[in-house]
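Have a look at the structure, then read on.

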Amino acid sequence: MLLGILGTTAFLLDDGPDDSWGKPRERAVLATLLVHANEVVPLDELVRWVWPKDRPAPLLAGPTFDIYAARIRRVLARLPSAPELSIEEGGYRLTIDPALVDLHEFRVLLDEARELAGQHPARAVELVEQALWLWRGLPLADLVTEPARAWRERVLHDEWLAAHTLRMRAFLDLERHEAALAALDELLADFPDDLGLAKLRLTALYQRRRFAEATRYFLATWHRLRRNGHDEAAQLLRQHNAALTAAHPAPLLPEPTVVPRRLPDDITDFVGRRDELAALDRAGVSGVFVLDGPGGVGKTALAVHWAHRMRERFPDGDLYLNMRGSQVGLAALVDDFLVALGQPPAANLARRQRERLLRLLLADRRVLVVLDDVQDAATVRQLVELLPSCLMIVTSRRRLSVPSARRIAVRPMSPESAALLLSVRAHGRIPDAARLSAACGGLPVLVTVLAGQLAGESPERVGELVTRLDRRRLLAAVGPDGPVAVQAGEACLNWAYHALAEPERRLFRLLAVHPGEDISAEAAYACDGRTPTESIRSLLRLVAANLLRPSDELDRFGRHAVLAEFAARRLEDDESAEGVRAARERLLEYFVTAATSAMHLACPGDAVPRERVALFADAHEALAWFARERFTLAAAMHDAYDDGCHGYVRRLADPVAALLTRAGNIVESRVIRQLAVDSAHAAGVSAAEALRQLGAAHLLLEEHGAAERCLTAAARMAPADDLRCGHVSMLDQLGQAVEHRDDRAAALTLFQRGLAVAERADDLAALCWLHCRIGQVLRLAERMDEALGHLRAAHTTASRAGESAAAAASLAEIGGIHRDLGDCSAAFAYCQEALAIAEAVPDQTAAALICTTLATIGWESRRFDQAVAYSRRGVELLRGSQDLATQAQVATVHGDALYHSGERYEAMLMWRQAADLYDHAGFPLLATRLRSKTEEGVHGSAPRARAEAVEVDETAIRQPVHGATIE
């Protein structure tokens, strides 16, 4: 292979492709001849391929191409087995061995991969990736004409895309579902309507048991294909989804879709701790162990090393979380564990529902949980109640009071173990290792720092160090349990610190303004204030001195808490107040810029920043950054509040809270909103917007009393004629909070005030929702005519504003009113239209609830087959849902529909399932009532509904349900 057209027209040399051999037109001519290798290409065909229509073609094509051919021959003559370019029959022929062209090599590799895919999928993946590596860009990149464009599109679809499809199928055969999904997401961004890719993605989601996501993806893709006129493809996708649904029955309750393996990397040169390891070895597969001891004594290393040794004891996985001295609350911990188990919490799940979901997922599973650096025993006690079947290893600097926990006191290493560790970490025998390690107080973190300084030092230098450390040895500070006879070894750190050059000493102490132990390179640059090149050079020198450690991820660095405390002391002693303030402001400014950029990509519906700064390529990268930095950002905001930097607190509050809400961490978002309110009060500025945002967070958590208090306070602060969107939202949210305590008159007044403000501001999105909410309240008050007027206005405005969810909600309410009035035909039509919109959004919960209304209308109008079909559709829409209460509600209606249609036995089975779901969702009273209904059904007689059913037009409801037609 010597010539390439999978990109620019290049010679493929040992040191890389060379496309500088000729001018663009010469490269275009050679590319055309290579596409038609060993064929005669007439002159007029060459002109069509080489000259775009908007450029004048040569008047005398023959002489022009003769000149190009002469130059191309001279270049080709340098190649071994040189291709021959000749003039024949009014055109040109390039005689060449196909093996010399990269496109031919690509096709050979792809054919071989196809042959092996069935029996050896791993080898097929290797061959496809070799083939795809040959692509350097768009093929025929030097040609922009219509024939070249048509050839390029065909090759991209039939060969390049086919290669990726083959690779995805091999990934699925190898059960590498996450790799397949990641690659498919990239491909679907460029080929959103490709049926083959859509079917593969559905297959991967079902095999991964991500049923709810599969349903959302099917509905969105099916509606898009229909909307774009691809009816046949939509039908084939529906059939494929039906087959997958039948082959992968969803469990009644959620279950993990991932076996989590979250432990940090093991320490390969672990030394000592025989007694502690033996005590841990005697642990079973459940219970709690607390490892406590001073900072830097090696608690984390002991826990992680033992966990790696015992991984086979815990086949259902291991979970790890650094609690960072209680910066992480139970709600954040629960959310992190749900994500690790492959069940990221839905945004509409309240805190208690998330805790029940975690308990369900880990019930009777053998999982190891490691909680590092815990300071609050209450969090551990709460977690123990949620995870009774798991073994929990907790590390802490304090003696935690946890009932039934077994305690292991981790003390400083013995002199012998410390000396051995020093030699191991220094990669060689160290003279006077015992005396040197004694200066470290038996703390492994200090031994490691000392080892970094001693590696490669001469015996004379080591002797000098022994003398200095003997003179400067310090007694340890008082620990949480009283004085401890540990040589703190601060002299070791001072010696290591002063051994650095001044730029590295300055960076080491300035990093103390960073609140986390995991530091990104960008945050370090901000602390430093120098160029990235200068900063990274100093960072690498700090790593070499063991004052920082490289993280598992690229461009990130870790720092032990003991070293962070030492850096803070050095910052206080060695840095000016102006230098500290400047470093802190640079870091906060970086966090504001990065968080705002991440919010703009990942939460496009939120407020748009004044200046957009693109720090991330896409939303996925932005969310990945936020997942790593979320605890650091929260800590930085608290530090800024304590330092009086209230402007930065308010600037960070919106993007951080929005990103937390986007990730489903509503409780943490509420904490951030509360901090913004406190900061506004402390700074003496208006807290109206901060209070509104806090009230919205309370509302999401169904904390209606707190939401009402916050929103009422915000309303008092806002001017009566305020036309801002935030003021409208505040009135809307306050109305929802008031409505929850059944004060419909007050709620109606607030909604009407919001409507008036939205009309003056011409805010269509707010108008449609407020009309809808007013209609809902009026319906409950049985003021049907007025309710219909508002709901029709809501639907009209929603259509103008593009608010599909509001349109569906208003139509469903109109249908409900017609049902209340006894007009089942009109109710049925409105709800059908609402269902189509809700599925297109797709909003599965709303669609499922509309299905229950349709089912109720069905049996009330004696259309029993329709009732069963729609109720079953609602159950299918919630396959794999985490919202167990809504699942139970829909399953109950399906049982009712079955009972009314004469299917008594099936109805009782469905009611029992619904009762179980209510139990797990935390509604025992509803479960008891439903079980009583089941008992009544056993002794009663089901109506002979099917025999009495009226004839209906079945085509009116023949719509897709997960790929199956309702019958």
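Contact means heavy atoms within 4.5 Å. This is a predicted model, where local features need pLDDT of at least 70 and side-chain atom pairs count only at pLDDT 80 or more, while totals for chains, interfaces and linings use all residues. Residues are numbered from 1 along each chain as its sequence is written, and side-chain values use heavy atoms, with hydrogens and water left out.

Q: Which residues does R879 touch, not counting residues up to four places away in sequence?
A: R879 touches Y206, F211, A212, T245, H248, P249 and A250. R879 sits in the loop between α38 (864-877) and α39 (884-900).

Q: Why does R879 have no salt bridge?
A: A salt bridge needs a side-chain nitrogen of Lys or Arg within 4 Å of a carboxyl oxygen of Asp or Glu. The nearest side chain of opposite charge, E876, is 4.1 Å away. Therefore R879 has no salt bridge. Yet R879 is buried (under 20% relative accessible area, 1.4 Å probe, protein chains only).

Q: What makes helix α13 mostly covered?
A: Ten of its eleven residues are buried. Among them are L330, D335 and F337. The buried residues of α13 pack against elements including β8 (318-322) and α14 (351-362).

Q: Why are α6 and α8 called roughly parallel?
A: Angles under 35 degrees between N-to-C directions count as roughly parallel. Helix α6 (residues 146-173) and helix α8 (residues 195-207) pack at about 15 degrees. Therefore α6 and α8 are roughly parallel to each other. Their contact includes L161 of α6 and L197 of α8.

Note on methods:
Helix = DSSP H or I, 4+ residues; strand = E, 2+ residues; numbered from the N terminus. Buried < 20%, exposed > 50% of the residue type's maximum accessible area, 1.4 Å probe, protein only. Lys, Arg positive; Asp, Glu negative; His and termini not counted. Axes fitted to C-alpha atoms, helices over the stretch in contact; angles between N-to-C directions. Parallel < 35°, antiparallel > 145°, perpendicular 65-115°, else oblique.
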